[in-house]
Amino acid sequence: LVLTKNKKDVRLYINRIIQFSSIDEYRYHETLGMLPMQNARYKKNVLILGGGEGLLAREVLKFPQVETVTIIDLDEEVFKLARENIHLKTLNNGALLNPKVTTIAQDAMTFLIESENLYDVIIADLPDPSNDALARLYSTSFYTLVQNHLTPSGIFATQAASPFHTRNAFWCIKETIAASGFENLYPFHTYVPSFGDWGFVIATNVKITPSDYEPILTTRYLSADLVKKMFFFPKDITHPGNLNVNKLDQPNLLHYFLADWEEFSKEVKN
């Protein structure tokens, strides 16, 4: 874990990969947090998979209906940093010190297998599927577990990598969520300067209209006009077709992700 500060820019790196920049992280976390929360019929109990630095919890806790937030992150040291480091604690508004919040240092899939709790909203803020261990957290088996832990009107949302840099991987995630049994899927994307064009998916078994957004809370980034545009995909990042879903015994997503990055790297070098 490496936390850096350059003037007003605080950044967290895990295994040399940037997790956020304080300059623009609110774009990512408002998008991933507020859209599913605002569209959820009930918001009493929320589960966050990943997000141990507390920035997503900060957005979730803005909704007064929230009674419990459970955060599952693999590394206890991330939780410790989020609670004790003055820069990170200031950035997350002390989210991990909030009495509504419970933190559990555990693998997300193991937690879902062992837990019997149901949640109104589940949000996955997990690392990109860059290896076998991470790709399984984007599998049909994983999303089936997620669905089993949602209340009947519950909402699931996940970060889904970049539809620009990793186009096949993004749409593979969407297709995999659909194959796990969710009835309604809503892929969308927005621009985060530190990461580029970034993708997300909301999935439910009830009909919602997340593109029809009117802010009910103060935001730094989201607006009605902006959110409507998030659900439009230009031709160069639309679904490429003919994608296989990601399974535990067939990690197709990992192959798409690595191939997409290799192709993008070649184009950058050229």
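In the predicted model, strands S1 and S2 form a hairpin in which two residues separate the strands, and Lys7, which lies in the turn, has a positive phi of about 60°. The two strands, S1 comprising residues 2-6 and S2 comprising residues 9-14, pair in the antiparallel sense over five bridges. Within this pairing, Thr4 has Arg11 of S2 as its bridge partner.

A further element of the fold is an open sheet of seven strands, arranged in the order S6-S5-S4-S7-S8-S10-S9 and with mixed pairing. Its edges are formed by strand S6 (101-105) and strand S9 (184-192), each of which pairs on one side only, and the twist from one strand to the next averages 15°. In general, the strands of a sheet pair through backbone hydrogen bonds, in either a parallel or an antiparallel arrangement. The parallel sense is found between S4 and strand S5 (residues 68-73), which pair over five bridges; here Ile48 has Ile71 of S5 as its bridge partner.

Helix H3 (residues 76-84) lies across S5 and S6, and runs at about 145° to S6, whereas helix H8 lies across S8, S9 and strand S10 (196-204), running at about 155° to S9. In helix H7, which spans residues 140-148, the buried residues are Thr140, Phe142, Tyr143, Leu145, Val146 and Gln147. These buried residues of H7 pack against strand S4 (45-50), strand S7 (119-125) and S8, and also against helix H5 (108-114) and H8.

The loop between strand S8 (150-159) and helix H8 (167-179) contains Ser162. Because its relative accessible area is 1%, and the limit for a buried residue is under 20%, Ser162 is classed as buried. A polar atom of the Ser162 side chain lies 3.1 Å from the backbone nitrogen of Phe164. When neighbours within four places in sequence are left aside, the residues in contact with Ser162 are Arg167, Phe170, Asp197, Trp198 and Gly199. Of the elements named above, H8 (167-179) includes the positions of Arg167 and Phe170, while S10 (196-204) includes those of Asp197, Trp198 and Gly199.

Definitions and conventions:
Residues are numbered from 1 along each chain as its sequence is written. This is a predicted model: local features need pLDDT of at least 70, side-chain atom pairs count only at pLDDT 80 or more; totals for chains, interfaces and linings use all residues. Side-chain values use heavy atoms; hydrogens and water are left out. Two strands pair if DSSP finds at least two bridges between them. Helices (H or I, at least four residues) and strands (E, at least two) are DSSP runs, numbered from the N terminus. Buried means under 20% relative accessible area, exposed over 50%, partly exposed in between (1.4 Å probe, protein chains only). A polar contact is a pair of N or O atoms within 3.5 Å; within protein, one must be able to donate a hydrogen and the other to accept it, and residues adjacent in sequence count only if both atoms are side-chain atoms. Contact means heavy atoms within 4.5 Å. Axes are lines fitted to C-alpha atoms, for helices over the stretch in contact, and angles run from 0 to 180 degrees between N-to-C directions.
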